[in-house]
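Hello,

Here is the structure we spoke about handing over. Please open it first; my notes follow below.

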2 protein chains.
Amino acid sequence: MYDGLLIVLSGPSGAGKGTIHDKVLKILPNIKKSISVTTRKKRINEIEGVHYYFKTEEEYSQMIADGEFLETASVYCHNYGTPKAPVFEMLKNGNDVIFEIDNFGSRQIKKKYPDALTIYIMPPSFKELESRLIARGTESADSLATRLGNAKRELSEYNDFDYIVFNDDADVAAEKVVAIIRAEKCRMNRNEHIIKGMLENKK
Amino acid sequence: MYDGLLIVLSGPSGAGKGTIHDKVLKILPNIKKSISVTTRKKRINEIEGVHYYFKTEEEYSQMIADGEFLETASVYCHNYGTPKAPVFEMLKNGNDVIFEIDNFGSRQIKKKYPDALTIYIMPPSFKELESRLIARGTESADSLATRLGNAKRELSEYNDFDYIVFNDDADVAAEKVVAIIRAEKCRMNRNEHIIKGMLENKK
């Protein structure tokens, strides 16, 4: 277990995890974000190593073969992944690292790093989720039904997550995430090395 | 599992758990305190049912026989105990209840109610604990050695507690306890009934 916390925010589209992610970073600005690797083309305003690490398909496949990813996914024929080494380096240095990622990614991360702190962001009801998705105006009826179906299937896998935060009000929800992060640092199992040190040195 | 949280603050004498307990109640004034039962004589300024429930030795023994206590201890030939029924009633009604109690009491509570949230308050070091006990000026050399010995033995049983809060600054420590209480309410296992309800009603 590293000194830093690996924090995963997940939840269905429409749950507001992006907004909460940004609000948490405003309250706790020292938390680091991880930079993904992708095979998609660099856009004109993007900077290598800031927005993404851009790789060819061959390079990406080699990274998978070498077990270099914490999680990887294919979205519209492009690969996106989180390289393990820089994240573990940050955690080792005592930095907390936050991820905003889907269930599939979250599950991969928890498998590779069981000490990850996983938080599921959920709208207060499915009815509310539906209203939010409709309000976006970007969803076809088909895509809306798919998203709602996915949200129900995903929530039924709730045991994959340590915490759930119902997002009724984004500020309140962000404060809850901040409380969870602060509380986790006080969890007994994360402090065992300190206690053992105290008992050994009797300081 | 009840809707309310049963919160236990424990730690060695000199850890500052009383101060933290009071500060937490100032931040979260809705948390209830439990009223103990005792066999010691009522003092002139004490009110039955406010400070304590005063019982005879016989009544107390009967309560033990009837399994009415969450925890019980004998201190200087008097018995002190926490009656189970009023605490469970408060928890059932969704109220959080806080206890400031020693390790022995905390362990009894956790055994009878495993969903209890147990927080160990610890000075930043044994050196600091010693200084605080000396500063009190109330401890003989013998009693000081006993208290320090007990603190070391108790800390070695750290696995009995869910969280540890190092009390360097009482305000910071109280804020940590508040964060723990807020975070616990978001723990997945404490929200299972809500999630199951959402999935069943698809609301």
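Start with overall size. Chain A has 203 residues, and a compact globule of that length would have a radius of gyration near 17 Å; chain A comes out at 18 Å, which agrees. Bear in mind that this is a predicted model.

**Chain A overall**

The C-alpha trace of chain A spans about 65 × 45 × 30 Å along its principal axes. Chain A holds 8 helices and 9 strands. Of its 203 residues, 46% are buried. Take the contacts in chain A with a separation of 6 or more: 67% of them join residues 24 or more positions apart.

The accessible surface of chain A is about 10,300 Å². Carbon and sulfur atoms account for 50% of that surface. On charge, chain A carries 30 positive and 30 negative charges.

**The interface**

The size of an interface is often given as the accessible area lost when the parts come together. Here chain A and chain B bury about 3,000 Å² between them. Carbon and sulfur atoms make up 76% of that buried area. Which residues of chain B lose the most area to chain A? They are B:Tyr158, B:Cys186 and B:Met188, together 23% of what the chain B side buries. By contact, 36 residues of chain B touch 36 residues of chain A.

**Tyr76 in both chains**

Look at the backbone here. A:Tyr76 is not a glycine, yet its phi is positive, about 45°. A:Tyr76 sits in the loop between strand S5 (69–75) and strand S6 (78–83) of chain A. Is A:Tyr76 buried or exposed? Its relative accessibility is 75%, so A:Tyr76 counts as exposed, the cut-off being over 50%.

Now chain B. B:Tyr76 has a positive phi near 50°, again in a residue other than glycine. The loop between strand S5 (69–75) and strand S6 (78–83) of chain B contains B:Tyr76. With a relative accessible area of 77%, B:Tyr76 is exposed.

**One helix position**

A:Thr146 belongs to helix H6 of chain A, which covers residues 141–155. Its relative accessibility is 45%, so A:Thr146 counts as partly exposed.

Best regards

Terms used. Residues numbered from 1 in each chain as written. Chains lettered and ligands numbered in written order. Predicted model: local features only at pLDDT ≥ 70, side-chain atom pairs only at ≥ 80, totals over all residues. Heavy atoms only, no water. Helix = DSSP H or I, 4+ residues; strand = E, 2+ residues; numbered from the N terminus. Rg over C-alpha atoms; globule rule 2.2 N^0.38 Å. Buried < 20%, exposed > 50% of the residue type's maximum accessible area, 1.4 Å probe, protein only. Contact = heavy atoms within 4.5 Å. Areas by Shrake-Rupley, 256 points an atom, 1.4 Å probe, with all protein chains shown as cover. Lys, Arg positive; Asp, Glu negative; His and termini not counted. Charge placed at Lys NZ, Arg CZ, Asp CG, Glu CD. Buried area = accessible area lost by both parts, 1.4 Å probe.
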